[in-house]
Amino acid sequence: MTEQVLFVLAALSAGELHGYGIAREVEELSGGEVRLAVGTLYGVLSRLSEQGLIEQTREVEVSGRRRRYYVLTGLGETALREEIARMHATANALGSRVALGVRPRPGTA
Amino acid sequence: MSRRLLNLCVWAYPRDCRRSDGAFVRDLALELAEHHGVVGQAVSLLYGGFRERLRHRGRRWRLAATVSVAVTVVAGSAAMLAGPFGGEVEVYSCATRDLGDAGGCAEVERLAAARERQGWDCATRRRVIDGRRFVDLECWTDS
């Protein structure tokens, strides 16, 4: 799962959002680290819809602009939880290794 | 001006995408452009469109390959069942571990020879792939 996909799923975990709302939420969640441009955002939304991780709920026109709203599906929520659990496990494993300190291997010192 | 530029960039996407999502993508690009600039969104549209075209082409190739394999399997099965003259067909195949190990194939060749003695026609195809010997024998009768 790419960073962008992870942030889009996380943004939608709070509830229904439209395309631009997702981009704003992702930027806020990541502290400005992840900025989604239109091509990337559209690609991510299309793929996640195809995979059944998110679904489009409605399309409305606001000030002459079309907005599509999306929500996280049950499958998407599970995928997000699993990815977060995997990242926790990785961080714990690496954290405990680093806490032990890096010692030279016998014969290499 | 920015609307026209982004409209042009949407043409980078395949026709199917433009038809179903063109207006949505353009409007999304316009909203994002208000905060992150038009040029960045235009470049992103061009790059995204190119990637989407590659993805669609890959999908078409995969579909074509699947259909070709399915047609070959169906045609092959039909030919095997029908036989070349509408009679019976028997196919024997064997593979040996190495070129010196002909035991299994000798058995297959003996079976085919027996069929030939009974008046069947047989065709043999021998192949050697990576040191392994493969013998395919097809015998048929039109009776």
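**View 1. In this predicted model, the charged end of Arg115(B) sits over the ring of Trp120(B), 4.3 Å from its centre.** "Over a ring" asks for NZ of Lys or CZ of Arg within 6 Å of the ring centre and within 35 degrees of the ring normal. Chain A has a case too: the charged end of Arg58(A) lies over the Tyr69(A) ring, 4.0 Å from the centre. A quick note on the numbers: residues count from 1 along each chain, chains are lettered from A in the order written, and side-chain values use heavy atoms, without hydrogens or water. Because the model is predicted, local features need pLDDT of at least 70 and side-chain atom pairs 80 or more, while totals for chains, interfaces and linings use all residues.

**View 2. Here's the aromatic pair, Tyr42(A) with Tyr13(B).** Ring centres must lie within 6.5 Å to pair, with planes under 30 degrees apart called stacked, over 60 edge-to-face and the rest tilted. This one is edge-to-face, at 5.5 Å centre to centre and 85° between the planes. Tyr42(A) is buried at 4% relative accessible area, and Tyr13(B) is buried at 2%; buried means under 20%, exposed over 50% and partly exposed in between, with a 1.4 Å probe and protein chains only.

**View 3. What lines the second largest pocket?** Among its lining residues are Pro14(B), Asp16(B), Phe50(B) and His56(B). A pocket here is an open set of points on a 1 Å grid over the protein atoms alone, where a 1.4 Å probe fits, with protein on both sides within 12 Å along at least five of seven lines; lining residues have an atom within 4 Å of a point.

How values were computed:
Phe/Tyr/Trp six-rings, centres within 6.5 Å; stacked < 30°, edge-to-face > 60°.
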